[in-house]
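Here's a quick briefing to read alongside the model. Have the sequence and the 3D view open as you go.

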Amino acid sequence: MSYTVPKTIPKTQKAIWFDKPNAPLEYKDIDVPKPKPTELLIKVLYSGVCHTDIHVYQNDWPIEASANVSGHEGAGVVVAMGENVKGWEIGDYAGIKWLNGSCMNCEFCEQGAEPNCPHADLSGCTHNGSFQQYATADAVQAAKIPKNADLAKAAPILCAGVTVYKALKTADLLAGQWVCISGAAGGLGSLAIQYATAMGYRVLAIDGGEDKGKYVKSLGAEAYIDYTKEKDIVEAVKKATDGGPHGVINVSVSEQAMNQSVDYVRPLGKVVLVGLPENAKVTVPVFESVIKSVQVKGSYVGNRKDTQEALDFFARGKVDCQIRIIGLSEAPKAFDQLKAGKVMGRIVLDTSK
Ligand code: NAD
Ligand code: ZN
Ligand code: ZN
């Protein structure tokens with residue numbers, strides 16, 4: 001699809017603004033930011049709404065948030081850039097990710113683990129994010145979105161897609177093995193099912209309710225367990241996967257679900273922690289973990305290479321983002337629906353409305 005570059009950049013724009021955590025979310029006019037010498041100015045056309053935006057807005061995590069504008073799944077067009085930017089042209093399609101920028105100089109950046117950089121700048125957290133019509137992004141970390149992509153559908157790849165793709169790489173499975181996606185009908189989960197299927201794994205999905213069961217099966221899950229109905233989840237998962245899944249991708253916002261995954265994972269299996277419920281702890285029984293030789297691993301978004309690979313699966317039609325588009329002004333409704341667990345797939349904001 002093609003999108004036009006505006007001839008002039010306005011001085012002000014619409015944004016969803018909050019003064020501090022839990023303060024009212026206001027749809028209002030704010031200044032268009034100026035890119036630093038190393039930054040792009042992106043006209044954001046669409047932005048996904050991730051559960052992380054709610055965690056940051058509610059101040060759930062031990063992290064210093066200073067941004068007044070949420071959003072880290074922004075897809076749009078480059079309209080201006082600082083004088084030191086290389087490798088970008090006006091009109092290119094660009095993506096705003098959670099990792100807006102990193103130092104590129106520490107031991108973690110050096111080995112391509114840029115999300116783990118102690119100086120990371122985070123969209124919608126320490127850097128005003130994509131719930132605005134124009135946003136700045138570090139030119140090194142901004143994602144290159146292929147020309148002709150549908151930008152509304154590309155938006156969720158920039159966080160949800162890359163995160164679950166990286167989590168599946170972290171689980172390090174073989175084609176034909178079972179992976180359990182816990183929280184399968186949400187933004188991350190709906191993409192995790194599709195990446196897992198494209199990578200050759202067999203998917204057992206866990207989420208709540210009949211509609212979500214039908215939904216996850218339509219995306220490629222072979223089996224479904226409804227956590228609101230099933231009394232013994234651990235036994236049900238082991239039965240459905242003939243001894244437990246080889247890997248588990250935990251994308252629910254549930255401490256209990258994460259703890260259960262340590263119990264049902266197959267011997268030699270890998271439990272990957274991705275969802276970030278407030279103050280949660282996963283307790284690992286030492287005896288069973290040793291005897292089963294299981295691994296529990298954290299996985300945090302992805303680096304530039306993971307992002308390009310995740311976008312490539314999308315561009316080749318191997319994953320399709322399940323989106324519902326609403327106006328930017330309706331962002332507070334999206335927060336309410338996500339908090340209530342009512343969103344299947346992703347809500348994407350159209351910044352023109
Ligand atoms: P979402 O609200 O769209 O999806 C969560 C899903 O979990 C929902 O479908 C919900 O019904 C389901 N769920 C709730 N309780 C469950 C249970 N007990 N068992 C199974 N499923 C259950 O949220 P999202 O946008 O997909 O984000 C999920 C989490 O991932 C959030 O905590 C977010 O902050 C985190 N996240 C982490 C990273 C990372 O890099 N590690 C990146 C992005 C998001
Ligand atoms: Zn996110
Ligand atoms: Zn660094």
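Two strands count as paired here if DSSP finds at least two bridges between them. Helices (H or I, at least four residues) and strands (E, at least two) are DSSP runs, numbered from the N terminus. With that in hand, strand S14 (residues 270-273) and S15 run parallel and are joined by 4 bridges.

Keep in mind that this is a predicted model, in which local features need pLDDT of at least 70, side-chain atom pairs count only at pLDDT 80 or more, and totals for chains, interfaces and linings use all residues. Residues are numbered from 1 along each chain as its sequence is written, chains are lettered from A and ligands numbered from 1 in the order in which they are written, and side-chain values use heavy atoms, leaving out hydrogens and water.

**The sheet**

- The open sheet has 6 strands, ordered S12-S11-S10-S13-S14-S15, and the pairing is parallel.
- Its edges are strand S12 (223-226) and strand S15 (295-298), each of which pairs on one side only.
- From one strand to the next, the twist averages 20°; axes are lines fitted to C-alpha atoms, for helices over the stretch in contact, and angles run from 0 to 180 degrees between N-to-C directions.

- Helix H5 (residues 187-198) lies across strand S10 (178-182) and strand S11 (202-207), at about 170° to S10.
- Helix H7 (residues 233-240) lies across S10, S11 and S12, and runs at about 160° to S11.
- Helix H8 (residues 255-264) is mostly covered, with 7 of its 10 residues buried (buried is under 20% relative accessible area, exposed over 50%, partly exposed in between, with a 1.4 Å probe and protein chains only).
- Among the buried residues of H8 are Met258, Val262 and Tyr264.
- That buried set packs against S10, S11, H7, strand S13 (247-250), S14 and helix H9 (286-292), where contact means heavy atoms within 4.5 Å.

**Zinc ion (ligand 2)**

- Its protein donors are Cys50 (SG), His72 (NE2) and Cys159 (SG), at 2.0 to 2.3 Å; donors are N, O and S atoms within 2.8 Å of the metal (3.2 Å for Na, K and Ca), and water is not among the atoms, so sites may look incomplete.
- Along the sequence, these donor residues are spaced C-x21-H-x86-C.
- Cys50 sits in the loop between strand S3 (39-48) and helix H1 (51-58), and His72 in the loop between H1 and strand S4 (74-81), so the pair ties together parts 22 residues apart in sequence.
- Cys50 and His72 are both buried.

**Zinc ion (ligand 3)**

- Cys103 (SG), Cys106 (SG), Cys109 (SG) and Cys117 (SG) coordinate this zinc ion at 2.3 to 2.4 Å, with the spacing C-x2-C-x2-C-x7-C.
- The site is tetrahedral, with angles of 104 to 118° among its 4 donor atoms (four donors qualify if all angles lie between 85 and 135 degrees).
- Cys103 counts as partly exposed because its relative accessibility is 31%, while Cys109 is buried at 7% and Cys117 is buried at 5%.

- Most residues other than glycine have a negative phi.
- Asn148, not a glycine, has a positive phi near 75°; Asn148 lies in the loop between strand S9 (143-144) and helix H3 (151-154), and is exposed at 59% relative accessibility.
- Val301 also isn't a glycine, yet has a positive phi of about 30°; Val301 is in the loop between S15 and helix H10 (304-315), and is buried at 10%.

Notes. Tetrahedral: all angles 85-135°; square planar, octahedral: opposite > 155°, others 65-115°.
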